[in-house]
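Q: I would like to learn how to read the features of a structure that is new to me. Could we go through it one feature at a time?

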Amino acid sequence: MSESANGQVHDIVILGGGSGGYAAALRAAELGLSVVLIEKDKLGGTCLHRGCIPTKALLHAAEVADSARESGQFGVRATFESIDIAGVNSYKDGVVGRLYKGLQGLVKSKSITYVEGEGRLVAADTVEVAGTRYRGRNVVLGTGSYARSLPGLEIGGRVMTSDQALTLDYVPNRVVVLGGGVIGVEFASVWRSFGAEVTIVEALPRLVPAEDESCSKALERAFRKRKIAFKTGVRFSGVSQTDTSVTVTLESGDSIEADLLLVAVGRGPNATGFGFEEVGVRMDRGFVLTDERLRTNIPGVFAVGDIVPGLQLAHRGFQQGIFVAEEIAGLGPAPIVESGIPRVTYCEPEVASVGITEAQAKEKFGAENVESYEYNLGGNGKSQILATTGFVKLVRRKDGPVVGVHMVGARMGEQIGEAQLIVNWEAFPEEVAQLVHAHPTQNEALGEAHMALAGKPLHAHG
Ligand SMILES: Cc1cc2nc3c(=O)[nH]c(=O)nc-3n(C[C@H](O)[C@H](O)[C@H](O)COP(=O)(O)OP(=O)(O)OC[C@H]3O[C@@H](n4cnc5c(N)ncnc54)[C@H](O)[C@@H]3O)c2cc1C
């Protein structure tokens with residue numbers, strides 16, 4: 001057993017170099033704290049290597065395929081031939097590789113002690129990696145998440161999670177996607193654009209069930225048009241596979257044959273087996289519990305990212321990492337409001353939201369105190385140019401601020417930036433209506449929705 005740097009006690013020892021962990025490390029180093037960052041696999045974690053970035057590269061390739069296929073409607077003669085999956089994968093891997101290199105350089109450029117290896121919490125202030133102990137006045141747990149399955153549903157062969165789906169070297173002809181949440185609908189969208197027949201199976205009554213109901217309806221309509229099949233409110237009962245196919249059976253008695261089954265039923269916390277329970281960290285169903293300042297029940301031990309119950313999103317992890325570093329440095333940062341975290345589902349069409357849904361607002365404030373308005377993208381010039389449909393829906397407290405923005409449409413994810421300022425700065429529609437939105441942009445749709453809700457609609461029909 002050896003002790004790091006002659007028994008040195010660091011300001012902060014971070015376990016896990018994903019979005020949460022590396023953001024904490026970078027911010028802590030900026031603030032002059034001494035930092036140890038421990039990572040057993042690749043710096044950047046799920047988001048960079050198996051999550052956000054590679055999936056969005058696939059979605060972009062999918063968009064290019066759609067553009068080629070649909071070019072005729074814009075008066076451009078092009079033909080879609082086929083997907084060169086090796087080419088798609090090399091483009092995707094190139095994007096990930098460049099960002100990985102950049103991130104490694106960034107961490108190297110700061111005074112961060114980067115340790116490769118699996119760490120284990122052996123005391124409230126100590127993490128051990130391959131026999132070396134790293135002591136910290138503060139420890140940050142950021143070990144992330146893994147793709148969950150269902151009881152009795154074994155991953156292997158033609159039954160896979162997003163991890164394997166991202167490295168496929170062929171385009172399947174027929175796919176069943178189990179789970180109509182964010183990851184499920186994004187893969188469904190990619191495969192459909194690549195030419196596959198796709199069926200989504202979702203146990204809850206609608207696709208993207210965490211979103212405002214209007215967004216689910218719009219996405220379902222769009223998917224129907226794209227001939228992406230989906231079965232909602234129906235549960236999976238079993239799967240069998242041969243060398244060439246899978247047969248998925250449902251509790252309804254239906255069965256679906258396909259080339260592969262993608263299991264996208266959510267992500268579980270990767271927080272067991274690293275000594276957390278043994279040291280006495282309070283946990284619930286595998287998640288590490290924290291207060292709003294991201295402190296666990298053990299003084300000096302914090303947790304960030306997907307192991308903390310709540311939205312499993314990279315930018316939440318970044319912000320939590322920054323928060324913890326600033327908290328440790330004594331800056332007293334303001335707690336992160338979970339509902340103010342923007343959410344984007346990058347399928348075609350995109351779904352983007354921030355704040356609370358109309359149903360949540362009615363429950364919170366009483367139905368009579370909530371007003372909503374749906375601005376149809378039919379009145380938005382740029383959306384017409386792009387040939388996309390959808391809407392911007394606003395939810396406000398009557399005579400009060402906007403508490404939720406919910407959007408559907410191609411590229412509408414890009415509009416979440418202003419939407420999140422509006423919700424988090426508690427803007428009134430009347431205030432946003434005074435601001436000028438450039439014409440012709442999809443961003444205008446946000447402005448128009450606020451104008452309409454403020455009682456002075458411009459290009460709003462009905
Ligand atoms: C397919 C997919 C698509 C996604 N798309 C998006 C998206 O578009 N936008 C978005 O915001 N989010 C997206 N996410 C979610 C996002 O990837 C996660 O929210 C984010 O990565 C969580 O960060 P984290 O730091 O908590 O964990 P992780 O990124 O999982 O990082 C944890 C790190 O800890 C390391 N580790 C674990 N245990 C130990 C140990 N004992 N010792 C040393 N190291 C350890 C792991 O190797 C890993 O690198 C997606 C996820 C998936 C799977």
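Q: At what angle do α3 and α6 pack, and how far apart are their axes?

A: Axes are lines fitted to C-alpha atoms, for helices over the stretch in contact, and angles run from 0 to 180 degrees between N-to-C directions. Helices (H or I, at least four residues) and strands (E, at least two) are DSSP runs, numbered from the N terminus. Here α3 and α6 pack at about 35°, and their axes are 8 Å apart. Their crossing is left-handed, a term used if the near helix is turned anticlockwise from the far one by less than a right angle, whereas clockwise is right-handed. This is a predicted model, in which local features need pLDDT of at least 70 and side-chain atom pairs count only at pLDDT 80 or more, while totals for chains, interfaces and linings use all residues. Residues are numbered from 1 along each chain as its sequence is written, and side-chain values use heavy atoms, with hydrogens and water left out.

Q: Which residues of α3 and α6 meet?

A: Contact means heavy atoms within 4.5 Å. On the α3 side the residues include Leu58, Leu59, Ala62 and Arg69, and on the α6 side they include Glu186, Phe187 and Val190.

Q: Which residues of the largest nonpolar core touch the most other members?

A: A nonpolar core is a set of buried Ala, Val, Leu, Ile, Met, Phe, Trp, Tyr and Cys residues joined through side-chain atoms within 4.5 Å, where buried means under 20% relative accessible area, exposed over 50%, and partly exposed in between (1.4 Å probe, protein chains only). The largest core has 36 residues, and Val177, Trp191, Val198, Ile200, Leu219 and Phe223 touch the most other members. Among the elements that each supply at least two residues of this core are α3 (52-69), α6 (182-193) and β11 (197-202), and α6 gives the most, with five residues. Not counting residues up to four places away in sequence, tryptophan 191 touches residues including Val177, Val198 and Leu262. There is also a second, separate core of 25 residues, which includes Ala24, Ala29, Leu37 and Val324.

Q: In what order do the five strands of the open sheet stand?

A: Strands of a sheet pair through backbone hydrogen bonds, either parallel or antiparallel. Two strands count as paired if DSSP finds at least two bridges between them. The order in this sheet is β21-β22-β25-β24-β23, with antiparallel pairing. Because β21 (343-345) and β23 (370-376) stand at the edges with a single partner strand each, one side of each is left without a neighbour in the sheet. Between β23 and β24 (residues 391-397) there are seven bridges, and glutamate 374 has lysine 393 in β24 as its bridge partner.

Q: Which strands does α14 touch where it packs on the sheet?

A: Helix α14 touches β23, β24 and β25, and its direction makes about 135° with that of β23. Helix α12 (residues 416-424) lies across β21, β22 (350-355) and β25 (402-409), and runs at about 165° to β25.

Q: Is histidine 437 buried or exposed?

A: Histidine 437 counts as buried because its relative accessibility is 13%. This residue lies in the loop between α13 (429-433) and α14 (443-453).

Q: With which side chain does the side chain of histidine 437 make a polar contact?

A: A polar contact is a pair of N or O atoms within 3.5 Å; within protein, one must be able to donate a hydrogen and the other to accept it, and residues adjacent in sequence count only if both atoms are side-chain atoms. The partner here is the side chain of glutamate 418, at 2.8 Å.
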